[in-house]
Amino acid sequence: MIKWNKHRIIDNSFQYLGIASTAVGLILLAIFIGSILLDGVARIDWDFLTSLPSRKAERAGILTAWAGSIWLLVLTAFISIPLGVAAGIYLEEYGKKNKLSNLVEINITNLAGVPSVIYGILGLEIFVRTMRFGGSLLAGAFTLALLILPIIIVATRESIKAVPSSIKEASFGMGATKWQTIRHQILPAAGGGISTGIILALSRAIGETAPVIVIGALAYVPFVPKSPMDEFTVLPIQIFNWVSRPDHAFVINAAAGIIILLGVTFLLNGIAVYFRYKWQKKVDF
Amino acid sequence: MNKHILISILAINFAIFIGCNSSDQNTTSNTESSGTINIDGSSTVYPITEAIAEEFRSVESKVRVTIGISGTGGGFKKFARGETVISDASRPIKPSEAEACKENNIQYIELTVAYDGLAVVVNPANDWAQSLTKEELKKIWEPEAQETITKWNQVNAQFPDEEFSLLGPGTASGTFDYFTEAIVGESGSSRGDYMPSEDDHVLVQGVAGDKYALGFFGLAYFQENADKLRLVAVDGGNGPVLPSIETVKNGTYAPLSRPIFIYVNNEGAKRPEVVKFVEFYLQEAAGLVTDVGYIPLPDSEYQAQLEKFKQFVNTAN
């Protein structure tokens, strides 16, 4: 009887510990978002979204910053999605399992944990200097693509792994080639997981500051980029720059910029959740 | 299924692409035959250059000025490679950096554009430290003070027997380099047990909330927060002096005021839009520098810098 009571207490207290732990995260997030909204929401208006940077906080806008961020996002997506998905398919379906593939596998997993500023230094040397892209959008997009490639590769592989082998075997049994099996069976079944991984990776890329500063993204750009070779600035740099200004009005601008950036990130994550939900309903093994 | 999703992603991307393109045509429709002026360097000088670039837009709308914040050292690296024509600098160029410029055959001119003062601040409730000598500041901040000098009365016997807390910019900042060089005598040499923050607002809050705190940062931050903090007069050997526009301008607030610079290279001096920009910079600086919290040079000095630049342009062409 006594023993039973003890276990019950432990059981209950673990439940409360779990609730408390969850609450810490949620409350901190709520405080953070609440205080940012309080500071910044009143500052967001059409002018803020369509104005060029300025020394006067009330005249300054984020046009070039968000335009730069979207350019960078789109270019990064174009570069990283084909490379990452193809590499994932190769490693999972074609690559032979030997020492070399083990080494590649370990390195890809490790790369996903390398601090982003290191990718910035790599990008500076390879894309900005050796390949002579300069501090352009293209150099930034290649650098960020490198940064998120490991995430996309890992997500692709995990999604492919989750496809039941019975589907694959059935396809082979019907006389399909390997490519036909991948194209018509595996990719459709794994698509939800792959898209979710891609979108989460891209939403990480859009929030990065360090690598784009290192490759030479600027703080003051009074024009919207017109081609991938143009110089650019992005939202996180604009926010970083405003936070370090003495005038309090710039801090409010930064809060407003953060709301926009958070909005974009939430939107991307929302799309990811939606994809996953839709796919789960369609693909039923 | 997979195809549909991929197509829809591509479609969204294209829509964004096209949306982007149409919006730039509206905003930058008159940029044909424009020159681009690439500037990078110190984040201390950035607000001034930004203000000038902004005003320059209304004079020469076709010229595109871009400004980065790689720091003085990072800026000079690009400058020495010829990647920028103008470099913002919160200290004079180092011999090694000058050497790098020479190797790439880059000649340049140094132009002083403003003064920056460092403010030593305490809590308004602090009624003892009205002024500190350079030696007292050194005693507080030098590396040997770490864990041994911790109380106000160790600095000056008349101060209270209370522990102080120290706040200052992080070791990566130019302000930290400058303070340690001016006070301790060697750039970057400081005790490690102070509270560093790259965010000056944190420093302001820290000093404003602690009666026994002492901190330092750029004078511009004090002016924004004058109601929460009190300035300490600094005695550099000729009696205590409070920092103000006058004392920084006439050099009596020593050693904690410094000139800040822009560097222009000879390639820039050959391009009319760069020459125009630099001339505009020196002509308009007096007003705009005050706007962004720095201290302007005397008018005659701007005139002298302008003459110096014109000579450089003549020899470069």
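User: How many salt bridges does the rule find across the interface of domain 1 of chain B and domain 2 of chain B?

Analyst: Happy to look. This is a predicted model, where local features need pLDDT of at least 70, side-chain atom pairs count only at pLDDT 80 or more, and totals for chains, interfaces and linings use all residues. Residues are numbered from 1 along each chain as its sequence is written, chains are lettered from A in the order in which they are written, and side-chain values use heavy atoms, leaving out hydrogens and water. By class, the domain 1 side has five nonpolar, one polar and no charged residues (Asp, Glu, Lys and Arg count as charged). A salt bridge needs a side-chain nitrogen of Lys or Arg within 4 Å of a carboxyl oxygen of Asp or Glu, and the number found across this interface is zero.

User: Which residues in domain 1 of chain B lose the most area to domain 2 of chain B?

Analyst: The two domains, from an automatic or database domain assignment, bury about 680 Å² between them (accessible area, 1.4 Å probe, lost on being put together and summed over both). Three residues together give 61% of what the domain 1 side buries: B:Tyr115, B:Gly293 and B:Ile295.

User: And across the interface of chain A and chain B, how many salt bridges does the rule find?

Analyst: Here the two chains bury about 4000 Å², 61% of it on carbon and sulfur atoms. One salt bridge joins the side chains of B:Glu54 and A:Arg59, at 2.7 Å from N to O. Across the interface of chain A and chain B, the total is seven.
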